[in-house]
Amino acid sequence: MENIKEEILDLNQRALTLASNGKENEAIKYFEKALELDPMNPDTYVNLGNTYAAMEDFDKAYETYNKILLADKHYAPAYFHLGNICFIQGNSDEAVKNFNLAISEGLDDALVYFNLGLVYEEKNDVEYALRNYSKAIFKNPDAPEYRLKKATLQIGKNRYEEALETLTDMTKYAPDIFEGYHFKFEVLCALQRFEEAEAVVKTAGDLFPEDVSIFYDKIQLQARLGNTDRALQMIEEAEQMDGYEVEKRNLTFEKAKLCGMKEDMDSAIRYFNECLSFETDSAVDYETRYFLMNIYLSRKEYQKLLENAEKMLTLPEDNPFVRAAFYYRAMAVKQLNGMQAAADYYREAVSLYRTITIHTPGIIDAYLFRALCHKDLAEYDKALEMVDFVESLSADSSELHVIKGNIFEAMGRMEEAREQKEMAKKLKPELGMIL
């Protein structure tokens, strides 16, 4: 019996070595030999299932993990792996069920809670996501990725004070991880606590003196303080640093924004277009194209606005910039060819935004773009109803004030429009380039 156990262990080890060297098909043969010796060995099934998962043969992986439960329905790791497969295949409810079964069968492990948090975040169940990230952190305080994921979710939901607490703990437990300082800096800037932000970036600079990414944060601080000339000078300094290529796109993007803030729109467009050179067939630079769309809108260059919007809609992505592109496409077509030509695009955009807000009510920008569609359709009461609803949720949104200003402008209420746009620029100075 002992010899059989040793042989099974040996076969598994050889298979794992093959799999780690990219020879999964050969590895599977060794796992099958091990199963001939012991058809109910759970470790072999887990290793085989993991190999199928690595090959992205998720159906076979799922089938393999399930075979373990035929022999032992209380084997917790099988439920964990089934949860992972369900999550990968987009079945969030089954993923939650299997992760919870793993926990109930005794797998009280940080990674289970972390993955469960990922599923709840995907389901936009923020409280359960944060709760499980916290459990993962409690189980393994030394894993910086758990705190980082928790903090980025908190930031995404504008829970800045909570994020600061999470990031402060992260820099305490993992002082050598750059991201903790970077996101803490970003949060403090969002809260306009610039002295504290400067202190954080100075600490990071002392820890990582040669890191161009830290220098990039210093540049961003100067930009947010309105010191555009100093920020541009620092970008020139960064261009001479080792590792500049890593941040080249970001620094070029920052240079474009700074030129826009100085109202040098031709230079801003030139640098934004330079950023687009980093695009690939499978990766659109949505952020850059979003800024370009707004500049072309302000210059009434509607054909270029349309071209950028259509480029952003070439891939099946969902993010704030893509949602913007649906509106901008409709509006550009209206300006170029009239409302009759644009009507279907507006209907498509309104339908999209309504669907998004029904399924995920917390996505604020969908309400705002829906308001813009109603504004263009001269449905001003509906447009104001949308922005008033958003204001009750998030009064400090710069985009909210821009859009409310646009609605007032369309209604001929010019003084109210001016007030709204001044509020937007105060909240986000770089908006000055497009207002």
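Mentor: The crossing of helix 20 and helix 21 is left-handed, a term applied if the near helix is turned anticlockwise from the far one by less than a right angle, and right-handed if clockwise. Before going further, note that this is a predicted model, in which local features need pLDDT of at least 70 and side-chain atom pairs count only at pLDDT 80 or more, while totals for chains, interfaces and linings use all residues. Residues are numbered from 1 along each chain as its sequence is written, and side-chain values use heavy atoms, with hydrogens and water left out.

Two packed helices are described by the angle between their axes and the distance between the axes. Here helix 20 (residues 339–359) and helix 21 (residues 364–376) pack at an angle of about 155 degrees, with their axes 9 Å apart; this makes helix 20 roughly antiparallel to helix 21, where angles over 145 degrees count as roughly antiparallel, under 35 as roughly parallel, 65 to 115 as roughly perpendicular and the rest as oblique. The axes are lines fitted to C-alpha atoms, for helices over the stretch in contact, and angles run from 0 to 180 degrees between N-to-C directions. Helices themselves are DSSP runs (H or I, at least four residues), numbered from the N terminus, and strands are E runs of at least two.

In terms of contact (heavy atoms within 4.5 Å), helix 20 contributes Met339, Tyr346, Ala349, Val350, Tyr353, Arg354, Ile356 and Thr357, which meet Ala366, Tyr367, Phe369, Arg370, Cys373 and Asp376 of helix 21. These residues divide into 10 nonpolar, one polar and three charged, with Ala, Val, Leu, Ile, Met, Phe, Trp, Tyr, Cys and Pro counted as nonpolar, Asp, Glu, Lys and Arg as charged, and the others, Gly among them, as polar.

Turning to the rest of the chain, there are 24 helices and zero strands, and the C-alpha atoms fill a box of roughly 85 × 55 × 40 Å, taken along the principal axes. Of the 435 residues, 47% count as buried, meaning under 20% relative accessible area, with exposed over 50% and partly exposed in between (1.4 Å probe, protein chains only). Asn47, in helix 3 (residues 42–54), is buried because its relative accessible area is 17%, and apart from neighbours within four places in sequence, Asn47 is in contact with Asn12, Leu16 and Phe31. Asp10, in helix 1 (residues 2–20), counts as partly exposed at 36% relative accessibility.
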